[in-house]
Amino acid sequence: MKKEVINETPSRILKIGTCSTLSGRSELSFHLGCTADGEIQFRIVSNSGNGQFNSDWVALTIIEKLLTQHPAEKLMTSKTMQPVFRGKSSNSPAFLFAVLKAEGLVTAGTEKDSGHLLGDIDAFKKNASALITSGTDLAVATEAPPVPLKKKRPAKESV
C-alpha cells in the first residue's frame, strides 16, 4: 500500500479547515479536495507547533479501507493510519487522524485516552458530495513561501 496511496492532485479544494492535534498542543490546517473524477482527498498543510508532517494528498478510499477493516469491537488509535505514511514523518498518522476526528470519520471513545470508534463515514461523504455538486473551488496559494537561506559564519582567520 505504498505509492497507490498518494493519488493525483485534486483539481478543486472543497474545504480549508483547522483542528487541534490529538494532544491538543498545536493547531493543524488541512485541505479537503477532489479530483476531476470526484475522488475525495485530504492533506495536512500546516502545524502551529514544531512537529513535521507529510503534506501529500491521501485518498478517502484508502482511509475508509483502513478504518473499516479495523475490528469494530476494538478501539482505534492513530496507528491505524500508519500504512499510509510508511517511511514518512512519524507525526503524519496522528495528524491525519486528528483531521478525521474533526471531520467526524472517527469519534472519541467513552473513556479518556481510550481510543476512537468509527464515525459516520456516510454522513461525511454526503457533505463532501454536496460541496462537489455545488461547484465549490476554494483558491489556495500554490507556491510555497520562500525558505530563508541560512547565513554562513565567516571563516575564522588563522593568526
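**View A. The exposed face of helix 3.** Turned away from the buried side of helix 3 are the exposed residues Asp122, Lys126, Asn127 and Thr133. Exposed means over 50% relative accessible area, buried under 20%, and partly exposed in between (1.4 Å probe, protein chains only). The model is predicted: local features need pLDDT of at least 70, side-chain atom pairs count only at pLDDT 80 or more, and totals for chains, interfaces and linings use all residues. Residues are numbered from 1 along each chain as its sequence is written, and side-chain values use heavy atoms, without hydrogens and water.

**View B. The buried face of helix 3.** Ile121, Phe124 and Ala128 are the buried residues of this helix. Contact means heavy atoms within 4.5 Å. Helices (H or I, at least four residues) and strands (E, at least two) are DSSP runs, numbered from the N terminus.

**View C. The two ends of helix 3.** At the start, a side-chain oxygen of Asp120 comes to within 3.4 Å of the backbone nitrogen of Asp122. Just after the helix, Gly135 has a positive phi of about 85°.

**View D. His31 and its contacts.** His31 belongs to strand 2. His31 is buried, at 7% relative accessible area. Leaving aside residues up to four places away in sequence, His31 touches Ile13, Lys15, Ile16, Gln41, Phe42, Arg43, Val45, Trp57 and Val140.

How values were computed
A polar contact is a pair of N or O atoms within 3.5 Å; within protein, one must be able to donate a hydrogen and the other to accept it, and residues adjacent in sequence count only if both atoms are side-chain atoms.
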